[in-house]
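This report describes the fold and packing of one protein chain.

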Amino acid sequence: MGPPARINGAAAVAAASATATAAGAGAGAGPPQRRSLTIEVLDAMRQRAKDSNDPSAQLEYAKALIEAAVTFGNDDPDPKRQKKNKEALFLEGLKIIKRLASTGVGIGKPAYPDAQFFLANCYGNGSLGLEIDHDKAFNLYTQASKQNHPAATYRTGVCYELGAGTKRDHNRAVQFYRKAAALGDTAAMYKSGMILLKGLLGLQSNPREAITWFKRAAANADEDNPHALHELGLCFEKAGIPSVIPDEAYSRELFTQAAGYSYAPSQFKLGHCYEYGTLTCPVDPRRSIAWYTRAAEQGDPESELGLSGWYLTGAEGVLKQSDTEAYLWARKAADKGLARGEYAVGYYSEVGIGVKQDLEESRRWYLRSAAQGNNRAKKRLTDMKKMGAIRRGRHDRARQSGQQGPEDENCKVM
C-alpha cells in the first residue's frame, strides 16, 4: 500500500494534526513543528527515537516518515524504485503509529495516548489511507481518555453525543465533556458552557456555571479556540441572562480579542458596532469597513451584506460609492442562503441597482427570503401582487374602452 492519493503524506499528517488542534489537543497531539525535512534530519530523528525510547520522539519520527514518503525521491528516474521507496517510508511510519497506539514502548508500558488520539483522528476522517471507521476511532479515543488525554476525552464525549462508533448517550456525553473540561481542554470548557447556558443534552439551564466555564475557556483562547470570547461578549452585551450584569465596554473588549484571532462572527460584530456606534464604539466608517472586509474574506455572509450596504451609500474619503459592488456583495451573501441577503438582491433586482431591473428575478429572491421567515420580503411580495392586480385592472379597462395608454404599452414590453 503506497501513500494514498486522497489524503497522503504531509497532507495526511497535517489533516490529522489540525483535527487534533481543533479539538483542543493535549501535549504532543498538535501539529508537528515546522522543519525542513532532509535525509540528514530524518536520520537524526531516527537515531533519537531509537536511543531515547521516548514515545513522543517515535511519534514525531513516524509522522516525518509519512511526510518523507511524499517529499523524498521525486527526482528518481526509475518510477518502480521510486514507488517502492515511498511505500517503504509510508508503511514504516504507519506501523510505528499503530504500535505506539496499541502496545506503547517497552514491556509493561501502556499505549501512548497521543498516538491513540492521532490514529483515532485518522480513522475518523479517513486520512493516512485508512478507511473511515468510527468504531475504531471511538475505541482509541476511550483508551486515550483512560489515561486522561484531554482532547481524546472531549472527542469521546462528541462520539456519545452524535452516536459515532457507539450508541448515542447524552448523559455519558456530558460526563466526558465535564471530565475533559476539568483536564483543561479548551473546547470542552466552551462546550460545557454552551450546554449549561442553553440547557442542552437533558441538563437544566445554569447561566452562572456557564459563565464560569466560558471565562475559563476564554483565558485559554487562541486562533483555534476563540469561541468562548465571542459567546461571553454576547452574554455581557445586553440584559436578559440571569446573574449577568450587562457591560458594553467588557463586551466590546471580548469581541475585539476574538476578532484578533480571526474569528469572523466577532469581526462582523465590530464592523456593525463601528457602523452604528454601539457597544461604546464611535461611528467610524473606516474601521467598520475594515472589520467587515476581514470577515468577508473568510466568506462571512453577514459581513458581505455589510459591505454591500457601505458600497450602496459610499463613505466619503474611505470608500467610493458603487451600485455594482453593492449588488455583487449582496449576491455573495444571498448565494450562501442569508435571508437578509436574499431580500437585498430581490430589492436591487426590483429597482435596478447594480443589475438590470428584472421583476421576475426580484420575485424569486423575495420568495427565497420569505421562505426563511423574512417579513420584509413577505411584505414586498404582497405589494408586488397588489401592484400586479392594479396594472391588470388598468389594462382591462383600457382595452374595454378601446384606448391604448402608456401602461398598456409597458405591459407589452414587459
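In which helix is the place of threonine 293? Threonine 293 belongs to helix α14. The description that follows refers to a predicted model.

## Overall composition

The chain contains 20 helices and zero strands. Of its 414 residues, 45% count as buried. Among the contacts in the chain with a separation of 6 or more, 51% are accounted for by residues 24 or more positions apart.

## Nonpolar cores

The largest nonpolar core comprises 71 residues, and those with the most contacts inside it are Leu42, Ile97, Leu128 and Phe214. Helix α3, which spans residues 55–71, gives the most to this core, with eight residues. Another core lies apart from it and has 22 residues, including Ala330, Ala344, Val345 and Trp365.

## Packing of α14 and α15

Two packed helices are described by the angle between their axes and the distance between the axes. For helix α14 (residues 285–296) and helix α15 (residues 301–313), the angle is about 140 degrees and the axes are 8 Å apart. The crossing of the two helices, α14 and α15, is left-handed.

On the α14 side, the contact is formed by Pro285, Ser288, Ile289, Tyr292, Thr293, Ala295 and Ala296, which meet Ser303, Glu304, Gly306, Leu307 and Trp310 of α15. By class, the residues of this contact between α14 and α15 are seven nonpolar, four polar and one charged.

Threonine 293, listed in this contact, is partly exposed, with a relative accessible area of 28%.

## Packing of α5 and α6

Helix α5 (residues 113–125) packs with α6 at an angle of about 160 degrees, and their axes are 8 Å apart. An angle over 145 degrees counts as roughly antiparallel, and α5 and α6 are therefore roughly antiparallel to each other. The crossing of α5 with α6 is left-handed.

From α5, the residues Pro113, Gln116, Phe117, Leu119, Ala120, Asn121, Tyr123 and Gly124 take part; they meet His134, Lys136, Ala137, Leu140, Tyr141, Gln143 and Ala144 of α6. The contact of α5 with α6 has nine nonpolar, five polar and one charged residues.

Asparagine 139 also has its place in helix α6, which covers residues 134–146. Asparagine 139 is partly exposed, with a relative accessible area of 40%. Between the C-alpha atoms of asparagine 139 and threonine 166 the separation is 9.0 Å, while the two residues are 27 residues apart along the chain.

## Loop residues with positive phi

Which value does phi take in leucine 128? Leucine 128 has a positive phi of about 60 degrees although it is not a glycine. Leucine 128 is located in the loop between α5 and α6. With a relative accessible area of 0%, leucine 128 is buried; it is also one of the residues with the most contacts inside the largest nonpolar core.

Leucine 201, likewise a residue other than glycine, has a positive phi near 50 degrees. Leucine 201 lies in the loop between α9 (186–198) and α10 (207–219). Its relative accessible area is 14%, and leucine 201 is buried.

Is helix α11 largely enclosed or largely open? Nine of the eleven residues of α11 (residues 227–237) are buried, so this helix is largely enclosed by the rest of the structure. The buried residues are Ala228, Leu229, His230, Glu231, Leu232, Gly233, Cys235, Phe236 and Glu237. These buried residues of α11 pack against α9, α10, α12 (248–260) and α13 (264–276).

Within helix α9 lies serine 192. Serine 192 counts as buried at 6% relative accessibility. When residues up to four places away in sequence are not counted, serine 192 touches Tyr177, Arg178, Ala181 and Trp213.

Key
Residues are numbered from 1 along each chain as its sequence is written. This is a predicted model: local features need pLDDT of at least 70, side-chain atom pairs count only at pLDDT 80 or more; totals for chains, interfaces and linings use all residues. Side-chain values use heavy atoms; hydrogens and water are left out. Helices (H or I, at least four residues) and strands (E, at least two) are DSSP runs, numbered from the N terminus. Buried means under 20% relative accessible area, exposed over 50%, partly exposed in between (1.4 Å probe, protein chains only). Axes are lines fitted to C-alpha atoms, for helices over the stretch in contact, and angles run from 0 to 180 degrees between N-to-C directions. A crossing is left-handed if the near helix is turned anticlockwise from the far one by less than a right angle, and right-handed if clockwise. Contact means heavy atoms within 4.5 Å. Ala, Val, Leu, Ile, Met, Phe, Trp, Tyr, Cys and Pro count as nonpolar, Asp, Glu, Lys and Arg as charged, and the others, Gly among them, as polar. Angles under 35 degrees count as roughly parallel, over 145 as roughly antiparallel, 65 to 115 as roughly perpendicular and the rest as oblique. A nonpolar core is a set of buried Ala, Val, Leu, Ile, Met, Phe, Trp, Tyr and Cys residues joined through side-chain atoms within 4.5 Å.
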